[in-house]
Amino acid sequence: MAHRPMALPTSSDSSGSDSKNSLAAFREIEKPTGIKLLKVYNQLAKSNLTILVVLTSMSGVALSPYPATIPVLLATALGTVLCSASANTLNQLQEVPFDAQMARTRMRPFVRRAITPLHGLGFAITTGIAGPAILWGMTNPTTACLGLANIVLYAGGYTWLKRRSIWNTWVGAVVGGIPPLMGWTACGGRLLPESWSMDSVPLFLPSFIADAASIPVPVADLTTLDNPLAPFAFFMFLFSWQFFHFMPLSHIVRHSYAQAGYHMLAVFDQRKNALVALRHTLLLIPVCSVLFPISGLTTWWFAATTLVPNLVCARGAWQFWKKGGEKEARVLFQQSLWYLPVVMGLMMFHKQGMEWLEWLGIVDKEDV
């Protein structure tokens, strides 16, 4: 029985079939609404990082000798949240092709197309305007300018440098050191004194040194707001902590950074990366044991009580530098996570002029 030969499909038929299959497989990306959209915004803002930024800004409020009102407190927190959300969104918007190459970032909203770049840009612009505006209107222009500067430094300087120079980490550390200054200035504190003189930098020396040298100890009052050592102490504490925290983390994920083309020190020189972590972990000791109490932010008991966590972490940093292994990096990274809340809690406990026994009602004011 003869069979009728079948005609082979032409190239045009084949391409037409492929087009139909492609069209059939096409699915429009679902636009997030309601709770889903809020979750996407939460991811764009990097909520965990933003919470940390807000907590550090609140440390400036908490240690200020100037009383903070509820509106100022809420405005500082909200303004900081919005500034951080804007900076983080702009950062992700620029790094989509690179985030797609790293396992830990490939599920970010822009990479998985959970939100369009235009929508994300609108969110970044809105929060980037609203944050400084709230800080300007509810606190003061200085705090607003600091918030705006952080957006520019993080979304501009830090993000731009990540694929060009290892100095991106130092720019990122500056960004991390600014939030407590925002809290400080929001309460009326100054970054620089109105006039430079010997009296504009009061030194709160230990009583035994002041007595031996017959140096009068300054009174812990609102004049501390003019002391430039106070905001400098805040800045140096968070600036150095960034290296203590990030250097072991970058060591752990250095292969991902290399794959994405990021210029991190851990990618090029692991030994120097560990040395930077050690250097700044050690620097935290004089920052806590000298700079904070001598500026009048805390009592000298803070210098003693912070020696324990500082020495524990210094030992971890030494081990990381000496051995340079994954295990040591993970240990130091974990230490950096508990270090910040512990030391910030001690700051509050040893705040200059804070009488906890009186505040708790254990003793009367006359007995203190």
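Predicted model: local features only at pLDDT ≥ 70, side-chain atom pairs only at ≥ 80, totals over all residues.
1. Of the 368 residues in the protein chain, 47% count as buried, and among contacts between residues at least 6 apart in sequence, 76% join residues at least 24 apart.

2. The UniProt entry, which is unreviewed, carries the annotation "transmembrane region" for residues 114–135, 141–161, 170–192, 232–253 and 274–294; such annotations may be inferred rather than shown by experiment. In the model, residues 114–135 are 86% helix and 0% strand, with the end C-alpha atoms 31 Å apart, while residues 141–161 are 100% helix and 0% strand, with the end C-alpha atoms 28 Å apart.

3. Helix H6 spans residues 117–138 and helix H7 spans residues 141–161, and their axes come within 7 Å and cross at roughly 160 degrees. Because angles over 145 degrees count as roughly antiparallel, H6 is roughly antiparallel to H7. The crossing of these two helices, H6 and H7, is right-handed.

4. Which residues form the contact between H6 and H7? On the H6 side they are Gly-128, Pro-132, Leu-135 and Trp-136, and these meet Pro-141, Thr-143, Ala-144, Cys-145, Gly-147, Leu-148 and Ile-151 of H7.

Technical notes
Residues numbered from 1 in each chain as written. Heavy atoms only, no water. Axes fitted to C-alpha atoms, helices over the stretch in contact; angles between N-to-C directions. Helix = DSSP H or I, 4+ residues; strand = E, 2+ residues; numbered from the N terminus. Parallel < 35°, antiparallel > 145°, perpendicular 65-115°, else oblique. Left-handed = near helix turned anticlockwise from the far one by under 90°. Contact = heavy atoms within 4.5 Å. Buried < 20%, exposed > 50% of the residue type's maximum accessible area, 1.4 Å probe, protein only.
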